[in-house]
Protein chains: 2
Amino acid sequence: MKSAGQRLEDVGEDALVRTLTSRLPLERGVIVGAGDDCAVLRGRRKGWYQLFKADCVVEGVHYKPSTPPVRVGWKAMARSLSDFAAMGGAPCYAVITLVLPARRSVAYARALYGGLEKAAREYSVSIVGGETSRSSRKGEAMISVALTGEVARARCVLRSGGRAGDALYVTGRLGGAVKSGRHLRFAPRIAEGAWLAAGFPLHAMMDLSDGLAKDLPRLAAASGTGFELELDRLPRNRGCSERQALGEGEDYELLFALSPRSGAKLENEWGKAFPELRLTRIGRLVRSKAAGRGLQGGWEHFSKGEVKREKGEARRAQ
Amino acid sequence: MKSAGQRLEDVGEDALVRTLTSRLPLERGVIVGAGDDCAVLRGRRKGWYQLFKADCVVEGVHYKPSTPPVRVGWKAMARSLSDFAAMGGAPCYAVITLVLPARRSVAYARALYGGLEKAAREYSVSIVGGETSRSSRKGEAMISVALTGEVARARCVLRSGGRAGDALYVTGRLGGAVKSGRHLRFAPRIAEGAWLAAGFPLHAMMDLSDGLAKDLPRLAAASGTGFELELDRLPRNRGCSERQALGEGEDYELLFALSPRSGAKLENEWGKAFPELRLTRIGRLVRSKAAGRGLQGGWEHFSKGEVKREKGEARRAQ
């Protein structure tokens, strides 16, 4: 990204984050800094890493003003939890930043916290701090959830370890998350992520928040590979087109890569461990970094929704 | 706070936070949850606690739209750092949540990050993650900074340990922070907090963000005491009235309580360690919880600024 005269809506989120964080020095104790689902830090116990992550939801962007606040709270907590799932990690402590318009009711704030607490309890997280502020005059609501937790060193899965030839798998089904309301009540794949990381030599993993069309190229780029998708295998939610399954985002399913030699054992054991959750091999990582470049769609944070075809192309090419 | 039909602007921030966090269960490993400057958690090393905190700045509330973004970034990081100072702790890792209008320039985002990085470098903090989102249509900017760090168990100072008879001290001078622009470039008292906690048996400490008139009653309430202020000793910044020094807030100085027997040694050694920073004994904690109730002023997050006299009274009495 060359020109600083551009607006944020003219550049992709990836390019923005890169330009903001690429100069950050990596200090002692930092195993992985900005760029993966969580930061990976030297751990509290020998053989363990500490994980650290913050994520947010913004009214009018991640949910509607009319969304029930208990759902907003659930989603805010679940989004950060999903990033822990993507590392094979266990979340532990949360601190909440709550920005609300001063005219919002106390009942609204309570219900929102109720949703945060419900998700925290469900996933054994302790909320240990809460900061509140009003938003400005015309303001909107915003909730940021920062989480710390840990993962055994041997089980920590990054985005960047994928190898050419790896099989690509995705949990669940994709598409239609917003229309169905699933984006407000999804179950972060904490148990599944930990089970995978404990039992199988995963090379790379991430959660799908912006759509496979946007997230898979990220995993491949971090791993220094390209990818091939078998589109006819794509596990779509009922009523969803291929384009919707690829591009709508907010699925919060896990995408991971491992040696194809482990595939049969994985598929067999998965079916016993999680009989109600689909697991699908959707393609593979390949040597040519150009492979997969044609994939289009996905959620772009600073434009108004899905990326337009031409823009998407231009962004990936920059 | 009885009625949930109230608006946030009708209740104080303290009452809101209490109603939101009072039901939170304290899990294993949580030494102090919501309510102090930082959460205190079981530490990475034997004899150490981990500290965890998030704080935010909101455009139009904590700074003006015209404020240079590098100052905004500094303030966002420095506010969280100040909470670490208040525990006698050392900050270590930060993750940033950045919410910006899509029409804001990339240069603005870069400059803002420059301010965050400058403060991080100055205080030996590593920024290990950054999440960005656009705000909604009419949106405003918001920056949340989550910090983890540590403090030696023996040196961790809470708000709640003050005892009747303790002398109350404050660092620096109070008032005029917004008018002078000091709220955008203040130096968090990390070194001073650590020095105090290491060398003196402090009973309680906090940082002054909402004004002494608001924060001292918090410290006293947490300690189960009242307080007496010697108003004529109040260290005011030049041109500030007593009311401004008490109520304007954003001073980010340290307020602490310790046995009056340690006072002479403290004052003597402070002068050698920090010759350019004033330290003032401003009063004492007393047994009667009613003492000090008359103190008025201070920043109220959900109303439009300083608390009105009557309202302030009503809030403290509820």
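Of the residues of chain B, B:Arg44 comes closest to the rotation axis, with its C-alpha at 1.8 Å. This axis belongs to a rotation of 180° that, with 0.0 Å of shift along the axis, superposes chain B on chain A with an RMSD of 0.0 Å, the superposition being by least squares on the C-alpha atoms of residues with pLDDT of at least 70 in both copies. That is the relation of a two-fold axis. The model is predicted, and local features therefore need pLDDT of at least 70 and side-chain atom pairs count only at pLDDT 80 or more, whereas totals for chains, interfaces and linings use all residues. Residues are numbered from 1 along each chain as its sequence is written, while chains are lettered from A and ligands numbered from 1 in the order in which they are written.

Where the chains meet, 67 residues of chain B are in contact with 68 residues of chain A, a contact being a pair of residues whose C-beta atoms, placed from the backbone, lie within 7 Å. Several elements of chain B each supply at least two residues to the side that touches chain A, among them helix H1 (13-21), helix H3 (106-122) and strand E5 (126-134); helices (H or I, at least four residues) and strands (E, at least two) are DSSP runs numbered from the N terminus. E5(B) gives the most to this side, with 9 residues. Of the interface residues of chain B, 100% are also interface residues in chain A, so the copies meet through the same surface.

Chain A has 9 helices and 13 strands. Its radius of gyration, taken over C-alpha atoms, is 19 Å, close to the 20 Å that the globule rule (2.2 Å times the number of residues to the power 0.38) gives for 318 residues, so chain A is as compact as a globular protein of that length. Along its principal axes the C-alpha trace of chain A spans about 55 × 45 × 45 Å.

In chain B, 5 strands form an open sheet in the order E8-E10-E7-E11-E9, with antiparallel pairing, two strands being paired if DSSP finds at least two bridges between them. The edge strands, each pairing on one side only, are strand E8 (202-208) and strand E9 (226-229) of chain B. E8(B) is joined by 6 bridges to strand E10 (residues 253-258) of chain B, and the two run antiparallel; B:Ala204 stands opposite B:Ala257 in E10(B).

Notes:
Contact = placed C-beta atoms within 7 Å.
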